[in-house]
Amino acid sequence: MLRNARITFSVAGVVAFILIWPGCGGGKADVAYVEGRVTMDGKPLEGATVLFVPSTGRPASGVTNSDGRYVLEYEPGKKGGPVGQCTVRITTGRGESIGPQGELIPGVPEKVPMRYNVQSELSVVVQAGKRNVFDFALESGGPIAVAEE
């Protein structure tokens, strides 16, 4: 039985790369407002990164608050997510990093099973011209990706 599955990349590193990825083509992206709530085992999941990844183009992300609520941001100052079919990845894990004053910021272990992030089973369709609300009721249990330090 698997207790934890090891991955050879940092989940936080992948999220960071995607968030700074400038996109391609120079065309105007079709983006719609997206919000929702994430719970795990019936309780709000605070501090989770929610990432909507389309098959092509730039993804969008948001971070859950203390009540598990998130609002996607497509790019700085532009709320929303890419219109169309998106895979949803939800993660809490972050590797350690260096802060703005050179201080060490400790990493945070992943709490969310792989079936919701690196092997996500979550998929939604974001519709243009409307307020999209996607709530995710996650359940613990199953393999968890371990970030490399």
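Here is a short tour of this predicted model, stop by stop.

**The core.** Start by selecting Phe52, Tyr70, Ile90, Phe136 and Leu138. Within the largest nonpolar core, which has 23 residues, these five touch the most other members. Now colour β3 (34-40), β5 (49-54), β11 (84-91), β14 (122-126) and β16 (136-138): each gives two or more residues to this core.

**Glycine 62.** Next, click on glycine 62, in strand β6 (residues 60-63). Is it buried or exposed? Glycine 62 is buried, at 5% relative accessible area. Beyond its sequence neighbours within four places, glycine 62 is in contact with Ala48, Thr49, Val50, Val71 and Leu72.

**Threonine 91.** Hop over to strand β11 and pick threonine 91. This residue is buried, with 4% relative accessibility. Its side chain makes a polar contact of 2.3 Å with the side chain of glutamate 110.

**Salt bridges.** The whole structure has four of these. Select arginine 37 and aspartate 67, whose closest N and O atoms sit 3.1 Å apart. Arginine 37 is in strand β3 and aspartate 67 is in the loop between β6 and β7 (69-71), so the bridge ties together parts 30 residues apart in sequence. Shared partners join Arg37, Asp67 and Arg69 into one network.

Last stop: glutamate 75 and arginine 58, bridged at 3.0 Å, N to O. Glutamate 75 belongs to strand β8 (residues 73-75), while arginine 58 is in the loop between β5 and β6. Glutamate 75 is partly exposed at 32%, whereas arginine 58 is buried at 15%.

Conventions: Residues are numbered from 1 along each chain as its sequence is written. This is a predicted model: local features need pLDDT of at least 70, side-chain atom pairs count only at pLDDT 80 or more; totals for chains, interfaces and linings use all residues. Side-chain values use heavy atoms; hydrogens and water are left out. A nonpolar core is a set of buried Ala, Val, Leu, Ile, Met, Phe, Trp, Tyr and Cys residues joined through side-chain atoms within 4.5 Å. Buried means under 20% relative accessible area, exposed over 50%, partly exposed in between (1.4 Å probe, protein chains only). Helices (H or I, at least four residues) and strands (E, at least two) are DSSP runs, numbered from the N terminus. Contact means heavy atoms within 4.5 Å. A polar contact is a pair of N or O atoms within 3.5 Å; within protein, one must be able to donate a hydrogen and the other to accept it, and residues adjacent in sequence count only if both atoms are side-chain atoms. A salt bridge is a side-chain nitrogen of Lys or Arg within 4 Å of a carboxyl oxygen of Asp or Glu.
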